[in-house]
Amino acid sequence: MKDKVIIITGASSGIGKALAIECAWRHAKLSLGARNIPELEHLAAQLSANGVEVLVTPVDVAKEEDCRNLVTRTLERFGRVDVLINNAGISMRALFEEVDLDVLRRVMDTNFWGTVYCSKFALPHLLLSRGRIFFYLEVPWWAYHPLQATADFPAGPATPPPSSRFTDSWRLSVPKT
Ligand SMILES: NC(=O)c1ccc[n+]([C@@H]2O[C@H](COP(=O)([O-])OP(=O)(O)OC[C@H]3O[C@@H](n4cnc5c(N)ncnc54)[C@H](OP(=O)(O)O)[C@@H]3O)[C@@H](O)[C@H]2O)c1
């Protein structure tokens, strides 16, 4: 992992932040994205103080242009992308009959489209570097009550099927690196 350029979305807290710290320990170069810039800057300052090269980019993964910018800035700073970790995501729980459609849209925009955008813009560079991509997958939708609109693990009833189809087709169609 030494000197590998790793993009982590949702690095401002939780699993993404923990991954950033682990990768830093292994001497990777980090490109961290999230919306909470003060948190990201705080983390970056701690890592930089220990000699780690870190780039912070404001990213709302629900916005296509933000995802493109994350990859562009990574290339400008480090010249390559070796790993993309699609970690950014949100959770929600509600009864399907009660949940607001805007909430489900937000879950899809973040968990599904955020993953699609980042993967799309990073793919050419991952192929060049023979890199790796990681997806955070959710427990299959049928594991939940059909009337429960849960986005724990991390998507609503509509997002797991498209998310897993997306990663399945990625597995089948993208050349092994
Ligand atoms: N914890 C679990 O048990 C569990 C289980 C299965 C899967 N997951 C999934 O694993 C991932 C990390 O989970 P976690 O527990 O570490 O969650 P978390 O602590 O809530 O962290 C989520 C991260 O995603 C970022 N994020 C959310 N919406 C975003 C957006 N629109 N654009 C950019 N970044 C966004 C947040 O940063 P900002 O708010 O700063 O943008 C935050 O850094 C998520 O996808 C989650 O759904 C978690």
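## Around Ile-6

Setting aside neighbours within four places in sequence, Ile-6 is in contact with Cys-23, Ala-28, Leu-30, Ser-31, Asp-82, Val-83 and Ile-85. Contact means that two C-beta atoms, placed from the backbone, lie within 7 Å.

This is a predicted model: local features need pLDDT of at least 70, side-chain atom pairs count only at pLDDT 80 or more, and totals for chains, interfaces and linings use all residues. Residues are numbered from 1 along each chain as its sequence is written.

## The core

The largest nonpolar core has 34 residues. Ile-6, Ile-7, Leu-30, Leu-32 and Leu-84 touch the most other members. Such a core joins buried Ala, Val, Leu, Ile, Met, Phe, Trp, Tyr and Cys residues through C-beta atoms within 7 Å. Buried means 20 or more other C-beta atoms within 10 Å of the residue's own.

Elements giving two or more residues include strand E1 (5-9), strand E2 (29-34) and helix H4 (101-129). H4 gives the most, with five residues. Helices (H or I, at least four residues) and strands (E, at least two) are DSSP runs, numbered from the N terminus.

## The sheet

Five strands form an open, parallel sheet in the order E3-E2-E1-E4-E5. E3 and E5 (132-135) are the edge strands, each pairing on one side only. Pairing requires at least two DSSP bridges between strands. E4 and E5 have four, in the parallel sense. Asn-86 stands opposite Phe-135 in E5.

## Helices on the sheet

H2 packs on the sheet and touches E2 and E3. Its direction makes about 175 degrees with that of E3. Axes are lines fitted to C-alpha atoms, for helices over the stretch in contact; angles run from 0 to 180 degrees between N-to-C directions. H3 also packs there, touching E1, E2 and E3. The direction of H3 makes about 155 degrees with that of E3.

Conventions: Buried ≥ 20, exposed ≤ 12 C-beta atoms within 10 Å, placed from the backbone.
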